[in-house]
Amino acid sequence: MKHLVVLFIVYVVTAQVGPNPPIFPNQWSANISWDCFDQEGRIYNTWSGQVFYDYDQYLMITQVYPPVINVQKCPLWNRGLLEPFTILLHKSSSYILVNNTCYEDEANGKAGVVVPDWLVTSKAIWNGTQIVRGLEKDAIPHYYNADTWWIPVPELGGSFEYWSEVNTWRPVRFGGRFTDGSGAYITYIDYASSSSIYFPSVCS
């Protein structure tokens, strides 16, 4: 799980070009597709799930589901989980929920919910605009006009990329590679209101 939490920790870089980094909307949710790829850049597993974000509650919930067949561990987390699980970020705490049992994450107390201006405070570097393909619920392809941002992570010997939809600032894609060349990308598929999310009592 260490690798996942690193995605939400702020890192300072020395340059910035292009437009100002985007700021998260205070509330949003999205279905996601989580592609895991090997050292050769080949996708070998695609997980699915939902993300719920509500900064007014200092809460971010990511529910993750494995593929139906050929389930393999994704390099974006290191607990070896091959079953559905939920990642909970609440204030400055982080937890993993598996089979209705809550575990403190190894980074608990060191990393918590993403602040809306995390790309601003990390001085993320703009890397141009791209057309990024998503997929709506009815399986009709949808394309986002997205700004791309580069976020170096020296502790992992690599960097992560972040795509945000032009004008709305909503997340479109996030991910990158680790030192061995493997990695993962999360693609955000569609959006809805996140006003009904809550912190599970089992983790209280």
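Helices (H or I, at least four residues) and strands (E, at least two) are DSSP runs, numbered from the N terminus. The model is predicted, so local features need pLDDT of at least 70 and side-chain atom pairs count only at pLDDT 80 or more, while totals for chains, interfaces and linings use all residues. Residues are numbered from 1 along each chain as its sequence is written, and side-chain values use heavy atoms, leaving out hydrogens and water.

Let's start in a loop. Ile 23 sits between helix H1 (2-6) and strand S1 (27-37). Its relative accessibility of 33% makes Ile 23 partly exposed, a class that falls between buried (under 20% relative accessible area) and exposed (over 50%), with a 1.4 Å probe and protein chains only.

A pocket is an open set of points on a 1 Å grid over the protein atoms alone, where a 1.4 Å probe fits, with protein on both sides within 12 Å along at least five of seven lines; lining residues have an atom within 4 Å of a point. The largest pocket holds about 180 Å³ of space, a volume being the space filled by probe spheres set on the points, which are joined across faces, edges and corners. Its lining has 12 residues, with Ile 61, Gln 63, Leu 88, Tyr 198 and Pro 200 closest to the centre. Strand S3 (59-65) and strand S4 (85-90) are the elements that each give two or more residues to this lining.
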